[in-house]
Amino acid sequence: MKALILVDIQNDFIPGGALPVPEGDKIIPVVNNLLSHFDLVVATQDWHPRNHGSFASNHPGKKVYDVIDLNGLEQILWPDHCVQGSKGAEFVPTLNTNPVEAIFRKGTDPAIDSYSGFFDNGRKKSTGLADYLKGRGVDEVFVVGLAGEFCVNYTILDAAEQGFKTYLIKDATRPLNREQFEKAMQNMRQKGVVIIQSGDILKESDK
Ligand code: VGL
Ligand code: ZN
């Protein structure tokens, strides 16, 4: 069973949003074309309360991209983004969410950030995603979405660690920073993650 995980394809992560990923919108048609090629599609949604500890605005004297200690963990401070119930937190309207069977929200605890769709950054709390996938008989996980070196990267590393055969579909993601993303991909490969292009999937099923 093959599952496709859509990571944080939300308005705030595309150009015009609060934390825009360069060319983030370019992945939408690619993702839409992939959807029908999987047994199961799930999505993650960054879903922060207004008082979230990852927002620079909640730390007087600090600015965006400063790094602080947040309850014992290193935390990059972000612009306010993906606030629960806001337009920015909604999925990009041109994304076809009809095939999405379940949505896993993360980053809801103001005290801790959550890049991975599986666990918070302190690995204290699970979202239930691994159990859900296992319960559905999934053994292969394909990951797409935003941002490449943050939520996509950490979701992939946790998927691999949870025992799923894990793939990154490279043209269906974009990073905030290209160099950091290259490093993240090297690390993924070392952990057995396979990096492919959407064309590899589309061709295979056309046979
Ligand atoms: C993300 C920074 C903060 C992401 C989420 O989806 O990659 N990045 N929150
Ligand atoms: Zn966030």
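**Close-up views of a predicted model**

In this predicted model, the count of aromatic pairs comes to 9.

**View 1. Trp78 and Tyr115 form an edge-to-face aromatic pair.** The ring centres of Trp78 and Tyr115 are 6.5 Å apart and their planes stand at 80°, so the pair is described as edge-to-face. The two residues come from distant parts of the chain, with Trp78 in the loop between S4 and S5 and Tyr115 in the loop between S5 and helix H2 (129–135), 37 residues apart. Trp78, at 4% relative accessibility, counts as buried, and Tyr115, at 12% relative accessibility, counts as buried as well. Both residues belong to one aromatic cluster, in which Tyr65, Phe150 and Tyr154 also take part.

**View 2. Phe142 and Tyr167 form a stacked aromatic pair.** Here the ring centres lie 4.2 Å apart and the planes are at 0°, so the rings of Phe142 and Tyr167 count as stacked. Because Phe142 lies in strand S6 (residues 140–145) and Tyr167 in strand S7 (residues 165–173), the pair ties together parts that are 25 residues apart in sequence. Phe142 is buried, with a relative accessible area of 4%, and Tyr167 is buried, with a relative accessible area of 14%.

**View 3. Two arginines sit over aromatic rings.** Arg105 lies over the face of Trp47, at 3.7 Å from the ring centre, while the charged end of Arg123 is found over the ring of Phe119, 4.6 Å from its centre.

**View 4. The zinc ion (ligand 2) is held by three protein donors: Asp46, His48 and His81.** The donor atoms, OD of Asp46, NE2 of His48 and NE2 of His81, lie 2.0 to 2.2 Å from the zinc ion, and along the chain they follow the spacing D-x1-H-x32-H. The histidines link distant parts of the chain, since His48 is in the loop between strand S2 (40–46) and strand S3 (67–70), and His81 is in the loop between strand S4 (73–76) and strand S5 (100–106), 33 residues apart. Both His48 and His81 are buried.

**View 5. The largest nonpolar core contains 62 residues.** In soluble globular proteins, nonpolar side chains tend to be buried together. Within this core, the residues that touch the most other members are Leu4, Leu6, Val31, Leu34, Phe118, Leu133 and Ile169, and helix H3 (residues 148–161) gives the most to the core, with 6 residues. Leaving aside residues up to four places away in sequence, Leu6 touches several residues, among them Val31, Leu35, Val41, Leu95 and Val144.

Note on methods: Residues are numbered from 1 along each chain as its sequence is written. Chains are lettered from A and ligands numbered from 1 in the order in which they are written. This is a predicted model: local features need pLDDT of at least 70, side-chain atom pairs count only at pLDDT 80 or more; totals for chains, interfaces and linings use all residues. Side-chain values use heavy atoms; hydrogens and water are left out. Donors are N, O and S atoms within 2.8 Å of the metal (3.2 Å for Na, K and Ca); water is not among the atoms, so sites may look incomplete. Helices (H or I, at least four residues) and strands (E, at least two) are DSSP runs, numbered from the N terminus. Buried means under 20% relative accessible area, exposed over 50%, partly exposed in between (1.4 Å probe, protein chains only). A nonpolar core is a set of buried Ala, Val, Leu, Ile, Met, Phe, Trp, Tyr and Cys residues joined through side-chain atoms within 4.5 Å. Contact means heavy atoms within 4.5 Å. Rings of Phe, Tyr and Trp (its six-membered ring) pair if their centres lie within 6.5 Å; planes under 30 degrees apart count as stacked, over 60 as edge-to-face and the rest as tilted. A charge sits over a ring if NZ of Lys or CZ of Arg is within 6 Å of the ring centre and within 35 degrees of the ring normal.
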